Amino acid sequence: MKVLVPVKRVVDYNVKVRPKADGSDADLANLKMSINPFCEIAVEEAVRLKEKGMASEIVAVSVGQEQSQEQLRTALALGADRAILVSTDVVVEPLAVAKCLQKLCAREEPDLVLLGKQAIDGDNNQTGQMLGALTGYGQATFASDLLIQNSEATVVREVDGGLQTLSLSLPAIVTADLRLNEPRYASLPNIMKAKRKPLETVTPEELGVNVALRTNLIGVKLPPDRQAGIIVEDSRQLVDKLKNEAKVI
Ligand code: AMP
């Protein structure tokens with residue numbers, strides 16, 4: 001079974017992002033970048049499938065700038081076998097990423113595409129779903145458990161108020177939620193080995209994909225500072241303030 005794992009380069013989750021002085025975008029200069037945490041969970045799940053003898057090959061894919069090679073090397077150090085960079089300097093939207101992945105699915109014919117449920121930079125939560133629509137593969141999003149048996153994937157999904165279990169025939173698309181697993185750290189020997197694993201570069205044009213933006217970013221700003229709270233004397237005053245000042249009742 002071949003597993004394709006799309007990984008995105010994002011600002012590290014520990015970094016507090018600020019807008020640029022002119023508010024035109026987030027200021028990403030000199031910030032620490034990492035693999036999107038949900039993509040790391042997807043890589044870990046693919047590696048576990050390989051360790052259980054269910055997956056034979058793991059291919060990590062990233063769509064983005066040359067620097068995304070760093071995140072692909074991390075995926076290789078975690079256990080992916082080879083990597084593909086779809087290299088572009090343009091900011092890519094989920095639909096463009098999904099179209100590139102669709103072309104790679106046609107070429108690579110994976111049995112399973114394991115994505116993160118969402119990228120923590122744009123919080124889009126769209127790419128897996130769009131890839132499902134473009135490829136026609138069955139999809140199960142927000143996975144907290146995954147079992148592969150007899151060309152079928154059984155996926156437990158975290159939905160509002162409970163868990164839902166779905167069965168899908170392969171090839172299928174699964175997006176990883178937080179509780180699917182706890183990713184391992186890459187060991188030093190594996191980081192060294194990853195440098196020699198194959199990393200291919202293609203461009204969206206070579207895949208026949210137009211990645212031009214369909215939306216314009218108008219501005220970015222921080223939420224307003226929270227006002228200091230007050231202590232009310234009794235419930236009567238609380239009700240009065242909620243009614244006449246906050247006007248919520
Ligand atoms: P999003 O729809 O942007 O929230 O991203 C959901 C998932 O799609 C991510 O966790 C990745 O697995 C995948 N993805 C999104 N953008 C990219 C990208 N530029 N390159 C590779 N995978 C991506």
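**View 1. Leu 101 is found in helix H3.** The model shown here is predicted. Is Leu 101 buried or exposed? At 0% relative accessibility, Leu 101 counts as buried, because buried means under 20% relative accessible area. Which residues does Leu 101 touch, leaving out those up to four places away in sequence? They are Pro 6, Val 61, Leu 115, Thr 127 and Leu 131. Glu 158 lies 57 residues from Leu 101 along the chain. The C-alpha atoms of these two residues are separated by 25 Å.

**View 2. Helix H3 packs against helix H4.** H3 spans residues 94-108, and H4 spans residues 127-135. Their angle is about 50°, and their axes are 9 Å apart. That makes H3 oblique to H4. The crossing of the two helices is right-handed. H3 contributes Pro 94, Leu 95, Val 97, Ala 98, Lys 99, Leu 101, Gln 102 and Cys 105 to the meeting. From H4 come Thr 127, Met 130, Leu 131, Leu 134 and Thr 135.

**View 3. The largest nonpolar core has 38 residues.** Val 5, Leu 112, Leu 114, Leu 146 and Val 155 have the most contacts inside this core. Which helix gives the most to the core? Helix H1, residues 37-51, does, with eight residues. A second, separate core has 23 residues, including Val 97, Leu 101, Val 113 and Ile 173. In soluble globular proteins, nonpolar side chains tend to be buried together.

**View 4. Leu 146 is among the residues with the most contacts inside the largest core.** Neighbours within four places in sequence are left aside here. Leu 146 is then in contact with Glu 45, Leu 49, Leu 112, Leu 114 and Ala 153, among others. Its contacts also include Thr 154, Val 155, Val 174 and Leu 180.

**View 5. Nine strands form an open sheet.** Their order is E9-E8-E7-E10-E6-E1-E4-E5-E11, and the pairing is mixed. Which strands stand at the edges? They are E9 (162-169) and E11 (199-202). Each has a single partner strand, so one side of each is left without a neighbour in the sheet. Neighbouring strands are turned by 30° against each other on average, direction ignored.

View 6. The buried residues of H2 are Gln 71, Leu 72, Ala 75, Leu 76, Ala 77 and Leu 78. Just after H2, Gly 79 takes a positive phi of about 140°.

**View 7. Strands E5 and E11 run parallel.** E5 covers residues 82-87. Four bridges join E5 to E11. Ile 84 stands opposite Glu 200 in E11.

**View 8. Strands E7 and E8 run antiparallel.** How many bridges join E7 to E8? There are six, and E8 covers residues 152-159. The bridge partner of Leu 147 is Thr 154 in E8. The hairpin of E7 and E8 has two residues between the strands. Here Asn 150 takes a positive phi near 45°.

**View 9. Strands E8 and E9 pair in the antiparallel sense.** Their pairing runs over eight bridges. Glu 152 stands opposite Ser 169 in E9. The hairpin of E8 and E9 has two residues between the strands. In this hairpin, Gly 161 takes a positive phi near 80°.

Methods:
Residues numbered from 1 in each chain as written. Predicted model: local features only at pLDDT ≥ 70, side-chain atom pairs only at ≥ 80, totals over all residues. Heavy atoms only, no water. Core = buried A, V, L, I, M, F, W, Y, C linked by side-chain atoms within 4.5 Å. Buried < 20%, exposed > 50% of the residue type's maximum accessible area, 1.4 Å probe, protein only. Contact = heavy atoms within 4.5 Å. Pairing = 2+ DSSP bridges. Axes fitted to C-alpha atoms, helices over the stretch in contact; angles between N-to-C directions. Parallel < 35°, antiparallel > 145°, perpendicular 65-115°, else oblique. Left-handed = near helix turned anticlockwise from the far one by under 90°.
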